[in-house]
Amino acid sequence: MNEGQRTVVIIGGGITGLTAAYYLQKAIREQRLPLACKLVEATHRLGGKVQTVVRDGFVIERGPDSFLARKTSAFRLVKEVGLEHEIVHNATGTSYILVNGKLYPIPGGAVMGIPTRITPFLTTGLFSPAGKLRAALDFVLPPVKVDGDMPLGRFFRRRLGDEVVDNLIEPLLSGIYAGDIDEMSLMATFPQFFQLEQKYGSLVRGARRTTPKEQKERKGAFQTLKTGLQSLVDEVEKRLEPGSVIKGVRVERIVRTDSAYRLQLSTGEVWGADGIIVTTPHHVVPDMFADYPFFAPFRSVPLTSVATVALAFPEEAIRQDIDGTGFVVSRRSDYTMTACTWTHKKWPHTAPPGKALLRGYVGRPGDEEIVDQPDDEIVRVVLDDLNKVMNIAGQPEFAVISRWKRAMPQYTVGHRERLAHIKRQMGDALPGVFLAGSSYEGLGLPDCIDQGEKAARDVLEYLQPTAVERASTMYSSVH
């Protein structure tokens, strides 16, 4: 280290930590700042859940398969590393809800399950006449009065009734977080729905007034990379400073010493740091900061285990083809699967000509045992579920099963308040230490990239306040 140089350590090499390292090192280079940035990752690879398998012409994502196009931070990072020519939008097509053994098209105009067009809602077979009448109470019920937070499920059930929630909203929303809608925090997951209700007095009315008209040029709402999302991880890693990434090493303990920090590593080595960005899952934070009891609430935040099951077939094996891109499963249905994407239709680049790629999802709160079953058993269960609604001949050519044990943090009621309380105490006791990642303020790829950018800005402002004003390219709005 150069004399007078200060050090930032980023703990965790998932997409959040990678983003923070990339933008921080970029600012250090461009402004010639007297800073060094190191990233330490406990496993032997970077990227976290972002992993791609390329096999026999198939492109298979083990974790996330795309990102929302309207959230610009992911595209910006893709462009930074020169991969914008690999961007593709998803193919648009019918998506379904599986209820009582039957596939129903998601009603046209539904925004996260909230109707914005009345006719498709009235004509769908998803709900009984009584369920549709109950949903109409949304137009007359007064806005909810709540001090703080409330369960997402309770909020929607009050406005639209159990039937609409169980058959439409719950399968759509809980799938995003692999969570229980009746335990999830309204304010930490979808506060915009609360704001619509408060402003317009009705969810339906608010959704109709704020949803833009369909554009003539219909592009899919999601984007991915033809080369697989792993290629984004690889390209970012290539651009990090030589020697700045350490893999296969855990940070076991962090203590403050005067105005700096000491990090005890699993190798026995001790590092010093002037600023720290922690992007690890929340449940490991209390052990790293064992001297700081205010992290204890993280121990009780639940995590769900899930698995994805990619199945490769010849196209002719799909005897009963269905026009669409996939389906989600109502929790009240007798299925182990929670969703299935007909990946070769949603993302045509993922399968060679004449082949089909199906991606099933299993695991949710209260039903996680399937994730621990052997590969053959998981494939059997998923195929049995698929054959209840499709007609698939024979076994897949191959299967890629990805288990994510205790990997999906649950944003339960009070999540934002807990996090804000912990961050306030960090500001007092641990200045220069910043939390970012999927456990905290959003778990989609753009959300994690946003948090990585913000953490880089925050630590830079802490160590070099005047540098923030000069880093205009880095500090553009993240939305």
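**Exercise 1.** Is Y440 buried or exposed?

*Solution.* We're working with a predicted model here. Start with the number: Y440 has a relative accessible area of 2%. The cut-off for buried is under 20%, so Y440 is buried.

**Exercise 2.** Work out how the rings of F58 and F398 are arranged, and where the two residues sit.

*Solution.* A pair of aromatic rings is described by the distance of the centres and the angle of the planes. Take the distance first: F58 and F398 are 5.5 Å apart, centre to centre. Next comes the angle, which is 85 degrees between the planes. Over 60 degrees counts as edge-to-face, and that's the label for this pair. Now place them on the chain: F58 is in strand 4 and F398 in strand 19, 340 residues apart. Finally, check accessibility: F58 is buried at 1%, and F398 is buried too, at 6%.

**Exercise 3.** Classify the pair formed by F298 and Y440, then say what it ties together.

*Solution.* The ring centres lie 5.8 Å apart, with the planes at 55 degrees, so call this one tilted. F298 belongs to the loop between helix 11 and strand 15, while Y440 belongs to the loop between strand 20 and helix 15. The pair therefore ties together parts 142 residues apart in sequence. F298 has 6% relative accessibility, so it counts as buried.

**Exercise 4.** Which charged residue sits over the ring of F398, and which lies over the face of W342?

*Solution.* Over F398 it's R55, with its charged end 3.9 Å from the ring centre. Over W342 it's K345, at 5.9 Å from the ring centre.

Note on methods
Residues are numbered from 1 along each chain as its sequence is written. This is a predicted model: local features need pLDDT of at least 70, side-chain atom pairs count only at pLDDT 80 or more; totals for chains, interfaces and linings use all residues. Side-chain values use heavy atoms; hydrogens and water are left out. Rings of Phe, Tyr and Trp (its six-membered ring) pair if their centres lie within 6.5 Å; planes under 30 degrees apart count as stacked, over 60 as edge-to-face and the rest as tilted. Helices (H or I, at least four residues) and strands (E, at least two) are DSSP runs, numbered from the N terminus. Buried means under 20% relative accessible area, exposed over 50%, partly exposed in between (1.4 Å probe, protein chains only). A charge sits over a ring if NZ of Lys or CZ of Arg is within 6 Å of the ring centre and within 35 degrees of the ring normal.
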